[in-house]
Structures are given as structure tokens and as C-alpha cells.
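This briefing is meant to be read with the sequence and the structure side by side.

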Amino acid sequence: MTETATAAASGAAATERFRSRQRTGSGDAGTERVDTLVTEVLAAVHDVIRRHRVGYAEYDALKSWMIQVGLDGEWPLFLDVWLEHVVEEVASEHRLGSKGTIEGPYYVPGSPLFTGEATLPMREGEPGVPLLFRGRVTAVDGTPLTGARVEMWHADAEGFYSQFAPGLPEWNLRGTVATDERGGFAVRTVEPAPYQIPTDGSCGRLIAAAGWHAWRPAHLHLKVSAPGHQPITTQLYFRGTSHVEDDIASAVKPELILSPVSAANGTGREVTYDFVLDPA
Ligand code: MBD
Ligand code: FE
């Protein structure tokens, strides 16, 4: 029997995951700050209601949709798709090193650790074009960072993430590699598929109701960290693949687009990408 992926199951897992690792310091904003932010958000919504003459039928539709987002566990998905990119933009305004982008709902800390070179955990005959991803991690002054951690996680060739879709090994396509004495790392994996927001959940219903598309371009997720440096959370995309130009999560930046070439050994593709970390 093959279990099928459902919005409610991946949403419940994402909600649970978020609750277990909420960033410290969240939720302790002062009274004045809460007053300012909530008052302005509400005023913006009031303005929309007045300008568009929103009626009771639409108000009730909104209420029932918001209730269902919670029941589906899709608040992490909704927020990361439609709001996180602006939070990331504000947070990274003064960064000198590599560009970051949103984390999304499917990061899991503590993936299997390798040194220098890694083949991400994958199934026998894992579908997808083999990809060799390698590079170096340095400080902004060019100093190689030995022992930096490069964490990678991504969807499989069907667009599914381990621990959020059924039937996949726990750490499938998730791993951490520590850089060598020259700051270098290499990761062998397979190229991910584009990601479709689940069509059977509340986010999918919103997308259909608004006539939008539900796609993110194929992407690799990464977190790169080293002692004494600011960690970076980013994603990398593939030049010329679908939805690089119109990501529903608005998380593509020109600096994050890879151009892999045929691998020197004749199987699959390879690409080099270097990370530069800001001082802490
Ligand atoms: C993803 O895979 C993702 O990276 C984001 C940001 C939102 C939904 C699914
Ligand atoms: Fe993703």
C-alpha cells in the first residue's frame, strides 16, 4: 500500500516542527511595539474592507477559511509562502556576504553529519538527475572557514520532503557537511523537482479561488554556519527551469540561480557555489 501525501498530514507535521523550534526571543515584544504593529495591521485591513465594500458573505468566507487553515496545520505554509520573504528582506538588509532567502516550513535540524564530502541519504535508485554540488565557505575577508557546517535539504524528484510526506526514509535528501581545511565541501545528491503547494488544503483552495498558480521552482535549501559568523539560510535554483521567474513564494534572487553543467565523469550535472559569511 502506498500512502498518499495530504495537505493535512504535511501541514500537521510542519506545525508540530515549528512549535518545537520557535526562535528564541519571539513573543516577547513590549506593549508599545504590539500596540503599534497590531493597530497598523488592523487599520490596513479596515481600509481594504471599506475600499472594496466587503460584505458579510465574504467576511464569513474569510472566517471559515482561517479556521480551516489552522485545522489543516497550514499556517506555517501560508506565512512562509506569502510573508516570510519580506521579513527576510528586512533582516538581511545590511548583510555583506552571500544572499539568503526564506527558510520555508520544511527544515529539520540535526541531519546526518559528514566531513568534506557527503552523499545525501537517499533511497536505492533515488529518481532524479545526479547532482554534484561543491564550493567553499569563507569570511568576508576571504579567509577559508574550516569546520563550517553546510546543511542541505530538498524535495525529491516528485516534489516531496522527507518527514513531511509519507513513505520516505527519515533523513532522505537531508544532510550536513563540515568543510575541510580549505573551507571546501562537496555534496552528491539528485536534482529536486519543482514544488507544488498542496492542492487539497486551505492554501490550495485560496490559490484556486484567486486563479493563481501553485508552484515554487525546483530548489535546494541550505543553512551555512560557522563559529563567530552570522549563519545564513538560503535556497538555490536552476537556470531556465519552470517558475524561476514567478515563484509563488517570491524567494528567488538573481544571485541564487545556479547554472549546472554536465558532470566531468559523464553522469549527471555539477555546479560550484561559494558562501561568504558575515562576522557575528
Ligand atoms: C517549500 O518547499 C518552500 O521552500 C517554501 C518556502 C514554502 C513551501 C514549500
Ligand atoms: Fe522548499
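What percentage of the 280 residues in the protein chain do buried residues make up? In this predicted model, buried residues account for 32% of the 280 residues in the protein chain. The protein chain contains 6 helices and 14 strands, and the points below take up some of these elements in turn.

**Overall fold**

- The radius of gyration of the protein chain is 20 Å, which agrees with the value near 19 Å that a compact globule of 280 residues would have.
- Along its principal axes, the C-alpha trace of the protein chain spans about 65 × 50 × 35 Å.
- When contacts in the protein chain between residues at least 6 apart in sequence are considered, 75% of them join residues that are at least 24 apart.

**The six-stranded sheet**

- An open sheet is formed by 6 strands in the order E1-E5-E4-E9-E10-E11, and its pairing is mixed. Strand E1 (113-115) and strand E11 (257-258) stand at the edges with a single partner strand each, so one side of each is left without a neighbour in the sheet.
- Strand E4 (residues 149-154) is mostly covered, since 5 of its 6 residues are buried, a residue being counted as buried if 20 or more other C-beta atoms lie within 10 Å of its own.
- E4 pairs in the antiparallel sense with strand E5 (residues 174-178) over 5 bridges, and also pairs in the antiparallel sense with strand E9 (residues 219-225), there over 6 bridges.

- The residues around ligand 1 are Leu77, Asp80, Val81, Ile102, Gly104, Pro105, Tyr106, Tyr195, Arg216, Ala249 and Ala251. Sorted by class, this shell has 8 nonpolar, 1 polar and 2 charged residues.
- Helix H4 (residues 75-82) supplies the largest share of the shell around ligand 1, namely 3 residues.
- Within H4, the residues Pro76, Leu77, Phe78, Asp80 and Val81 are buried, and the buried residues of H4 pack against helix H1 (7-20), helix H3 (56-71), helix H5 (84-91) and helix H6 (202-210).
- As background to reading such a helix, an α-helix has 3.6 residues a turn, so residues three or four places apart point the same way.

**The annotated segment**

- UniProt, in an unreviewed entry, lists residues 133-161 for "domain: Intradiol ring-cleavage dioxygenases".
- Over residues 133-161 the chain is 0% helix and 45% strand, and the C-alpha atoms at its ends are 19 Å apart.

**Individual loop residues**

- Leu120 is found in the loop between strand E2 (117-119) and strand E3 (130-139), and it counts as buried because it has 24 C-beta neighbours inside 10 Å.
- Apart from its neighbours within four places in sequence, Leu120 is in contact with Met152, Leu173, Arg174, Gly175, Val187, Arg188 and Thr189. The C-alpha atoms of Leu120 and Pro260, which are 140 residues apart along the chain, are separated by 18 Å.
- Ala157 lies in the loop between E4 and E5 and is partly exposed, with 15 other C-beta atoms within 10 Å.
- Leaving out neighbours within four places in sequence, the contacts of Ala157 are with Pro127, Gly128, Val190, Pro192 and Ala193. Between the C-alpha atoms of Ala157 and Tyr195, 38 residues apart along the chain, the separation is 9.5 Å, and Tyr195 is itself one of the residues around ligand 1.
- Gln163 also has its place in the loop between E4 and E5; its phi is positive, at about 75 degrees, although Gln163 is not a glycine. With 18 C-beta neighbours inside 10 Å, Gln163 counts as partly exposed.
- Arg53, in the loop between helix H2 (31-51) and H3, has a phi near 50 degrees, which is a positive value in a residue other than glycine. Arg53 is exposed, with 7 other C-beta atoms within 10 Å.

Methods:
Residues numbered from 1 in each chain as written. Chains lettered and ligands numbered in written order. Predicted model: local features only at pLDDT ≥ 70, side-chain atom pairs only at ≥ 80, totals over all residues. Buried ≥ 20, exposed ≤ 12 C-beta atoms within 10 Å, placed from the backbone. Helix = DSSP H or I, 4+ residues; strand = E, 2+ residues; numbered from the N terminus. Pairing = 2+ DSSP bridges. Near = placed C-beta within 6 Å. Nonpolar A, V, L, I, M, F, W, Y, C, P; charged D, E, K, R; others polar. Contact = placed C-beta atoms within 7 Å. Rg over C-alpha atoms; globule rule 2.2 N^0.38 Å. UniProt positions renumbered as here; feature names shortened; annotations may be inferred.
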